[in-house]
There are 2 protein chains.
Amino acid sequence: MAQVIETPLGMHVVLDLYDCDPKILDDIEKIEEILTKAAEVANATIIDKRFHKFSPQGVSGVVVVSESHIAIHTWPEHGYAAVDVYTCGDHTMPLKASEYIIKELKCKKPSVVKLDRGLLFKE
Amino acid sequence: MAQVIETPLGMHVVLDLYDCDPKILDDIEKIEEILTKAAEVANATIIDKRFHKFSPQGVSGVVVVSESHIAIHTWPEHGYAAVDVYTCGDHTMPLKASEYIIKELKCKKPSVVKLDRGLLFKE
């Protein structure tokens, strides 16, 4: 009984970004600008976005796109950001958006892992 | 030069949930109820939440918590849901919340992967 895996429903890029610019990581307006632009670079359609600034430091943000979501959580005190770029559909380019985010955060030590999510088997 | 890894900043549970109840996956109110309750089970503090219903089917939702986020994207036509339970801090229980979500979606084939994110090295 041979089974062929179809194209995954989604591609999820898990980014652990070390040695980023701490000033950028604590700038909620800049972070929102970067994630919004990243959604465009991914060729995704934004349907909602939410950003929060924490005290004394740190920013969290989620951009909900028709094709899933892009999320960020930052720890300026560690120069670290956790980013998820998760999109569905052949028209999206999550790795291109990931590259853009890495560049914009001035990250010197990125860890990039791509997960294929929603692997269905043909009957 | 021995280095000791500290506790990770965050725990991210990646859930690929196959063979769920399609009716629940397409019910935006039920999905919101489950994710909201899951945040409580994780002992996380909700600061925002957004849910969207797609046409002809499917639901996306994000619960932003002080400790990161819980997100879901559903494909009722495949009985599949992609869920991320990502929390920070010793007080949170993302696996307990994951177990709750699996049960509530009546998932018969869960894939559960836990990622430790933000592993810092002591100098």
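This is a predicted model: local features need pLDDT of at least 70, side-chain atom pairs count only at pLDDT 80 or more; totals for chains, interfaces and linings use all residues.
I begin with A:Ser68. The unreviewed UniProt entry lists this position under "modified residue: Pyruvic acid (Ser)". In the model, A:Ser68 belongs to strand S4 of chain A, which covers residues 68-75. Is A:Ser68 buried or exposed? Its relative accessibility is 2%, and because buried means under 20%, A:Ser68 counts as buried. Beyond its neighbours within four places in sequence, A:Ser68 is in contact with A:Val63, A:Tyr86, A:Thr87 and A:Cys88, and also with B:His73 of the other lettered chain.

I turn next to helix H2 of chain B, residues 28-41. At the start of the helix, a side-chain oxygen of B:Asp27 comes within 3.2 Å of the backbone nitrogen of B:Glu29. Just after the helix, B:Asn43 adopts a positive phi of about 65°. The buried residues of H2(B) include B:Ile31, B:Ile34, B:Leu35 and B:Val41. The buried residues of this helix pack against helices H1 and H3 and strands S2, S3 and S4 of chain B.

Finally, the aromatic residues. Over all chains, the structure holds four aromatic pairs. One of them joins A:Trp75 and A:Tyr80 in a tilted arrangement, 5.4 Å centre to centre with 45° between the planes. Both of these residues are buried. In chain B, B:Trp75 and B:Tyr80 form a tilted pair, at 5.4 Å and 45°, and both are buried. In chain A, ring pairs link A:Tyr18, A:Trp75 and A:Tyr80 into a cluster.

Notes: Residues are numbered from 1 along each chain as its sequence is written. Chains are lettered from A and ligands numbered from 1 in the order in which they are written. Side-chain values use heavy atoms; hydrogens and water are left out. UniProt positions are given in the numbering used here, feature names are shortened, and annotations may be inferred rather than shown by experiment. Helices (H or I, at least four residues) and strands (E, at least two) are DSSP runs, numbered from the N terminus. Buried means under 20% relative accessible area, exposed over 50%, partly exposed in between (1.4 Å probe, protein chains only). Contact means heavy atoms within 4.5 Å. The expected span of a helix is 1.5 Å times one less than its number of residues. A polar contact is a pair of N or O atoms within 3.5 Å; within protein, one must be able to donate a hydrogen and the other to accept it, and residues adjacent in sequence count only if both atoms are side-chain atoms. Rings of Phe, Tyr and Trp (its six-membered ring) pair if their centres lie within 6.5 Å; planes under 30 degrees apart count as stacked, over 60 as edge-to-face and the rest as tilted.
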